[in-house]
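Student: Please take a close look with me at one part of this model. I would like to follow the strand pairing there, and then the side chains that go with it.

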Amino acid sequence: MSAKKRPNYYTPNEVSLHCTLKDCWVSFLGKVYDLAPVLGGNKGDVLLKPIIAAAGTDISHWFNPKTKDIRRCVDPTTGCEVYFTPHGRFIHCPPNFPCSKWANDFGRPWWKDEQTCIGVLSKKTRFVRIINTMTSQESTLEVCSEENMHEILRRYLRYNQHAGSYTWKYNGRNLEMDMTLEQNGVQDDDEDFYELRMDLDEFLQSLHLYFNDDLTEA
């Protein structure tokens, strides 16, 4: 029986980079969604404006966390329960009144379509310093606390394409690549640094990479 595939984890900073009409991500209720296909399939529709304005941000406040649907309210004019859209009605959201012009043949609305979900928003991110002992290169990465070392290694590839050819250590001890930083004993001291007003950059936890002399692992 194959192991369950781990989700992709994203930081809020990563989500914020995708904030254009052709590259639009949002996060809500702990997950990250790529809405570029939704925008591309409805070009020119005025109902895209609220989504475009929210691109790259977390829109959890749009949703009821219990039902995972758009929040609702009572329309003061009709007395009917309607979707609460203070930023303006958006695509796939029905009008507040009966309208024969509203096409509802789009299938599942985008906020219920798991095909637009690309991963999980990290509940807690942290920074870690990675030191290449062969080149003395130091790199600081923002990582997701839920990520294991294999996933952190993939983040580091943009700094060193041969990162897989190194042994990763912390305090002289080999790191278990299937485990998270916390599980490997690399404590997250962010809150302590904040309370003690310590310089995060100066006292950041450091991982050391030791070259294995085998580029075939890259």
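Tutor: Strands β9 (residues 125-132) and β13 (residues 206-211) run parallel and are joined by 4 bridges. Strands here are DSSP runs of E with at least two residues, helices are runs of H or I with at least four, and both are numbered from the N terminus; two strands pair if DSSP finds at least two bridges between them. Before we go on, note that this is a predicted model, in which local features need pLDDT of at least 70 and side-chain atom pairs count only at pLDDT 80 or more, while totals for chains, interfaces and linings use all residues. Residues are numbered from 1 along each chain as its sequence is written, and side-chain values use heavy atoms, with hydrogens and water left out.

Back to β13, where S206 has R129 opposite it. Strand β13 also pairs with β11 (residues 166-170), in the antiparallel sense and over 4 bridges. There, Y210 of β13 is the bridge partner of T167. The ring of Y210 has the charged end of K169 over it, 5.0 Å from the ring centre; a charge counts as sitting over a ring if NZ of Lys or CZ of Arg is within 6 Å of the ring centre and within 35 degrees of the ring normal.

Now step into the loop between α5 (190-196) and β13, where L204 is found. L204 has a relative accessible area of 7% and is therefore buried, a word that means under 20% relative accessible area, with exposed over 50% and partly exposed in between (1.4 Å probe, protein chains only). Leaving aside neighbours within four places in sequence, L204 is in contact (heavy atoms within 4.5 Å) with F127, V128, R129 and T140.

For the side chains elsewhere, let's turn to the rings. Searching the whole structure gives 14 aromatic pairs, where rings of Phe, Tyr and Trp (its six-membered ring) pair if their centres lie within 6.5 Å, and planes under 30 degrees apart count as stacked, over 60 as edge-to-face and the rest as tilted. F28 and F63 are stacked, because their ring centres are 4.2 Å apart and their planes stand at 15 degrees. This pair links distant parts of the chain, with F28 in strand β2 (residues 25-28) and F63 in strand β4 (residues 63-64), 35 residues apart. F28 and F63 are both buried. F28 also forms an edge-to-face pair with W110, since the centres are 6.0 Å apart and the planes at 75 degrees. W110 lies in the loop between β7 (81-83) and β8 (117-121) and F28 in β2, so this pair ties together parts that are 82 residues apart in sequence. Ring pairs link both into a cluster whose members include Y33, W62, F63 and Y83.

F28 also brings us back to strand pairing: its bridge partner in β3 is K31. Strands β2 and β3 (residues 31-34) run antiparallel and are joined by 4 bridges. They belong to an open sheet of 4 strands in the order β1-β8-β3-β2, with mixed pairing. Strands β1 (9-10) and β2 each have a single partner strand and stand at the edges, so one side of each has no neighbour in the sheet.
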